[in-house]
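Here is a short report on side-chain contacts and surface features. Please read it with the model open.

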Amino acid sequence: RCPVETCDWTGMILQLEVHMRECMVLIVPCPNECISQDTGDYCRTERRYLQEHLTELCLLRQVNCNYCSVEITAIDMNTHLSECVELCIECPNGCDTELIKRRDVTRHMSTECGLQLVACVYSLYGCEAVLERREREQHERELCHVHCRLTQEFYVGRVEEMKRVQDRQAEMIHCLERDNLRLKQDVTSALSFLKTPSHGKLVWRLNGVKKRIATREESYSDPIYVGLYKCQARINWCNEVAGVKCIGVYIHVMQGEWDGRLDWPLLYTATFSLKNNLFKNANHTKRIEVSKEIMKTNGDLFVRPNYTR
């Protein structure tokens, strides 16, 4: 006899195993391992109802959406229907349009819906009205004179703005032309300096040397240009180096008109020749090159001057 109480089968014990594989009232689990929403356990049913369960009741069965035909798990159908683009729904604004497919809602709202709030077509010209689409035509008809005035004021303002832009552009062009002319003048002036035969050379005649030494008065030469750098010579008549009295000769960089266009610090080679007209053998020549080593101790003498020396 079948061990299932509701089954009437009887037979030989050797046939029992075969019967149990076919018994229609035997409780069997769902092959999809779905879970009952009522008990929270795996679903089980009599074998005779299993096919009905798999085709109509199982939450994990695969079904097709009635609107877009996409295959989806039955338990996810409600979520899918809330997003399905082919499902017909009412207008979000509640207008009297028939049901529309969800994929067409955006187009309907932006071009058709009479209850959708829209701006006046003259908003570009200053009209601030926001009204339902079905009211816009009446609004434009009733306020035609206002829209004409706003349009006129808008284009008058644009013309004035364009005129201001043209004035600013003309002023910029004038400034550029003026700067270009000044630059040409500077270049011409600089070239004339560079072509001067005595450019970069200073012949400095000094009288009364004994008196200058006695009074310890420093002497300054007239300015000269070395390249485009403005310089000046200075003599210290009572200098002392390592306990030895001597005459100190210096070159100072002065403020010049081309300082803003020059490279700093100034690196150059200077030759000093001291000639004594009374004693021929007392002449002395010294050549000094301003190098990076000198810059370390006397760098402030060769940078761009920011005050009058």
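This is a predicted model: local features need pLDDT of at least 70, side-chain atom pairs count only at pLDDT 80 or more; totals for chains, interfaces and linings use all residues.

Residues are numbered from 1 along each chain as its sequence is written, and side-chain values use heavy atoms, with hydrogens and water left out.

**Salt bridges**

Side chains of opposite charge can pair when their charged atoms come close. The count here is 11 salt bridges (a side-chain nitrogen of Lys or Arg within 4 Å of a carboxyl oxygen of Asp or Glu). Three of them are tabulated.

| Salt bridge | N to O distance |
|---|---|
| Glu 86 – Arg 103 | 2.8 Å |
| Arg 149 – Glu 153 | 3.2 Å |
| Glu 218 – Arg 234 | 2.7 Å |

Glu 218 sits in the loop between α7 (209–215) and β9 (219–220) and Arg 234 in strand β11, so this bridge ties together parts 16 residues apart in sequence. Helices (H or I, at least four residues) and strands (E, at least two) are DSSP runs, numbered from the N terminus. Arg 234 is buried, with a relative accessible area of 13%. Glu 218 is partly exposed at 31%. Buried means under 20% relative accessible area, exposed over 50%, and partly exposed in between (1.4 Å probe, protein chains only). Arg 234 has a further contact: its charged end sits over the ring of Tyr 250, 4.2 Å from the ring centre. That term requires NZ of Lys or CZ of Arg within 6 Å of the ring centre and within 35 degrees of the ring normal.

Glu 86 and Arg 103 also link distant parts of the chain, 17 residues apart. Glu 86 lies in the loop between α3 (77–81) and β5 (88–89), and Arg 103 in the loop between β6 (100–101) and α4 (105–111). Glu 86 is buried at 19%; Arg 103 is partly exposed at 45%.

Arg 149 and Glu 153 are 4 residues apart in helix α6, which means a separation of about one helical turn. Arg 149 is partly exposed at 41%, and so is Glu 153 at 45%.

**Aromatic pairs**

How many aromatic pairs are there? The count is 5. Rings of Phe, Tyr and Trp (its six-membered ring) pair if their centres lie within 6.5 Å; planes under 30 degrees apart are stacked, over 60 edge-to-face, and the rest tilted. Tyr 125 and Phe 154 are edge-to-face, 5.0 Å centre to centre with 85° between the planes. They are 29 residues apart: Tyr 125 is in the loop between β7 (117–119) and β8 (130–132), Phe 154 in helix α6 (residues 144–194).

**Cysteines**

A disulfide is a covalent bond between the sulfur atoms of two cysteines. A search of the whole structure finds 0 disulfides (cysteine sulfur atoms within 2.5 Å). For Cys 88, the nearest cysteine sulfur is that of Cys 84, 9.3 Å away. For Cys 95, the nearest is that of Cys 91, at 3.5 Å. Cys 95 is buried at 13% relative accessibility, whereas Cys 88 is partly exposed at 37%.
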